[in-house]
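Q: I would like to go through this fold with you. Could you bring up the sequence and the structure?
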Amino acid sequence: MPACAPGTKKLSQRTNKAIWTSIYPGFTRGTVFIAASQPMRDRNGKLLGGSAVEFSLSGL
């Protein structure tokens, strides 16, 4: 399980574009992750929510 990528969702919503985090360690020794977040808005620009995904880089 990855550690939390703090602020990813809020930063994405503020900048109104997809963002990538820096690489960060997971809770399990030797695991590392990177995350991406994208705000989702309606046609009028109203924020509906967000989408985020974390990728494990441990196998690379």
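Q: How do strands β3 and β4 pair?
A: Strand β3 (residues 32-41) pairs with strand β4 (residues 47-56) in the antiparallel sense, over nine bridges. Two strands count as paired if DSSP finds at least two bridges between them. Strands are DSSP runs of E with at least two residues and helices are runs of H or I with at least four, numbered from the N terminus.

Q: What stands opposite Gln38?
A: Ser51 in β4 does.

Q: And how many residues lie between β3 and β4 in the hairpin?
A: There are five residues between the two strands. Gly45, in the turn, has a positive phi of about 90°.

Q: Before we go on, what kind of model is this?
A: This is a predicted model, in which local features need pLDDT of at least 70 and side-chain atom pairs count only at pLDDT 80 or more, while totals for chains, interfaces and linings use all residues. Residues are numbered from 1 along each chain as its sequence is written, and side-chain values use heavy atoms, with hydrogens and water left out.

Q: Which way do β1 and β3 run?
A: Strand β1 (residues 19-20) and β3 run antiparallel and are joined by two bridges. Ile19 stands opposite Ser37 in β3.

Q: How many bridges join β2 to β3?
A: Two bridges join strand β2 (residues 24-25) to β3, and these strands run antiparallel. Tyr24 stands opposite Phe33 in β3. β2 and β3 form a hairpin with six residues between the strands, where Gly30 takes a positive phi near 90°.

Q: Changing topic, what is the order of elements from the N terminus?
A: The order is α-β-β-β-β, with one helix and four strands in the protein.

Q: What share of the residues is buried?
A: Buried residues (under 20% relative accessible area, 1.4 Å probe, protein chains only) make up 32% of the 60 residues.

Q: And the contacts between residues at least 6 apart in sequence?
A: Of these contacts (heavy atoms within 4.5 Å), 33% join residues at least 24 apart.

Conventions: Buried means under 20% relative accessible area, exposed over 50%, partly exposed in between (1.4 Å probe, protein chains only).
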